[in-house]
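These are my notebook entries on a single chain. I record what I looked up, entry by entry.

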Amino acid sequence: MATRNQMMRRATLLSAALATVLTGGAVPASGAEPTPPGPATTRPLPAPDSSAPAAGGTAPAPGTSPGTTSPSPGDPASSVDPASPGASDAPPGGLTDSRGLLDPGAPDASADPAAPGSAGVPADQPSLVRGDPRDFGAHIFQGNAFDTCQAPSQATMRAWRKSSPFGAVGVYIGGRGRACPKQRHLSPDWVRNVDQQGWKLLPVYVGSQSPCVIAKNKRKFRMSGKNPYRQGKREGLDAVRQAQHYGMGRSSAVYLDMEAYRYKNKSCADTTLRFIQGWNSAVRAQGYVAGFYSSANYGIAHMEKARAAGARGLPTAVWFARWKTRPSVNSERNLHPQAWQPHRRIHQHTGNVKRTYGGHTVHIDQNLVDAPVAVVG
């Protein structure tokens, strides 16, 4: 009969052999934590919001993107390339990613560039990015909206609320590429008061731009090609921080403004897609809705191509610019008719026009909306 010491020695040898088999010949170092095979975390869905705001309306009859009617001087507070050495990946402002907002129609891409759904790596099945966003907590607005580079005064907003056809307004809350970084009126008080007037808000974040962006005044804000997913994630966290600063809470939509870029350049398209995937992932992880604005013939066409190829981590809602055409959220030729449906689309149909209501004149872009908005308060 073996002694107690012999039995213990045999057990030790057996454990070591088993570890060798399971790890393909490499025994894990003592105390090392095994790497999980991939993301498998799910988060509980918020209860459906039966009181989501909605407003009817027909857009007036009938691009360049919103907020670009004046040259972009840049944002001095965020003009440093966020991908520069020493930039931190830590969530700013104490943000955490423990209470994410799950959109079943837009499963997030892995940070691993070789994972299914990453740029140039097809996923198993393309997603149509379908489903009512109210089912996971979003608030929907249906009707006419305008956006303008500089948020108007509260007096203008009050006058327009009484006499204009608009029920929602796009506001530029941040980003290094924002054309009007010095907002004279936009503040937490402005957001609260305008919300009390009955307006719904469409927050827009103009971050780093594609390496092959077309507009010359946006080229100084081009993203880095070194780790675009990581850079997008950092800027997505900043977008949420800005939304929170203005009093826009969880389940709010935030729209990434990506100016027209030459997406048929594969290298550029892959870099841009990885940035967008990282941005979307960070925004959703904080419990916000990840939206995306671009030209219908460029950024939106790219998102549709990526969707059809099975890419993951795509926007929850799309805001497409196609000017001088009949307002419609359902007729965009560069989107699959069943993709990003329902309540996931905005059509910017008229740009850089002057409108006067209640004695107040503003240069605006006009939009038809059926999509998530900010949740104030």
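Entry 1. I began with the pair H2 and H3, whose axes come within 10 Å and cross at roughly 15°. Angles under 35 degrees count as roughly parallel, over 145 as roughly antiparallel, 65 to 115 as roughly perpendicular and the rest as oblique, so H2 is roughly parallel to H3. I took the axes as lines fitted to C-alpha atoms, for helices over the stretch in contact, with angles running from 0 to 180 degrees between N-to-C directions. The crossing of H2 and H3 is right-handed; a crossing has that hand if the near helix is turned clockwise from the far one by less than a right angle, and is left-handed if anticlockwise.

I then listed the residues that meet, contact being heavy atoms within 4.5 Å. From H2 they are Gln154, Met157, Arg158 and Arg161, and from H3 they are Asp189, Trp190, Asn193, Val194 and Gln197. By class, this contact of H2 with H3 has three nonpolar, three polar and three charged residues. I counted Ala, Val, Leu, Ile, Met, Phe, Trp, Tyr, Cys and Pro as nonpolar, Asp, Glu, Lys and Arg as charged, and the others, Gly among them, as polar.

A note on the basis of these entries: the model is predicted, local features need pLDDT of at least 70, side-chain atom pairs count only at pLDDT 80 or more, and totals for chains, interfaces and linings use all residues. Residues are numbered from 1 along each chain as its sequence is written, and side-chain values use heavy atoms, with hydrogens and water left out.

Entry 2. For the chain as a whole I noted six helices and eight strands, in the order α-β-α-β-α-β-α-β-α-β-α-β-β-β along the sequence. Helices (H or I, at least four residues) and strands (E, at least two) are DSSP runs, numbered from the N terminus. Of the 377 residues, 52% are buried. Buried means under 20% relative accessible area, exposed over 50%, and partly exposed in between, with a 1.4 Å probe and protein chains only.

Entry 3. Which residues of H2 are buried? I found Thr156, Met157, Ala159 and Trp160. Seen down the axis of H2, these buried residues fall within an arc of 165°, so they line one face of the helix. The arc is that of the directions from the helix axis to the C-beta atoms. Their cover includes H3, together with the strands S1 (139–147), S2, S7 (345–357) and S8 (360–373).

Entry 4. I next examined H3, residues 188–197, where Trp190, Val191, Val194 and Gln197 are buried. Seen down the axis of H3, they fall within an arc of 125°, so they too line one face of their helix. They pack against H2 (154–163), S2 (168–174) and S3 (200–205). After H3 comes Gly198, with a positive phi near 110°.

Entry 5. Apart from neighbours within four places in sequence, Arg161 is in contact with Phe166, Gly167, Gln197, Gly198 and Trp199. I recorded a C-alpha separation of 7.4 Å between Arg161 and Gln197, which are 36 residues apart along the chain.

Entry 6. I turned to H4 (residues 228–245) and H5 (residues 266–285), whose axes come within 6 Å and cross at roughly 40°. That angle makes H4 oblique to H5. H4 passes H5 in a right-handed crossing. On H4 the contact includes Pro228, Tyr229, Leu237 and Val240, and on H5 it includes Thr271, Phe275, Trp279 and Val283.

Entry 7. I looked up Pro211, placed in the loop between S3 and H4. With 28% relative accessibility, Pro211 counts as partly exposed. Beyond neighbours within four places in sequence, Pro211 is in contact with Arg222, Met223, Cys268, Thr271 and Thr272. Gly225 is 14 residues from Pro211 in sequence and 7.8 Å away, C-alpha to C-alpha.

Entry 8. At 1% relative accessibility, Thr316 counts as buried. Its contacts outside four places in sequence include Asp103, Val129, Phe136, Arg284 and Trp340. Thr316 and Gly105 are 211 residues apart in sequence, yet 7.5 Å apart in space, C-alpha to C-alpha.
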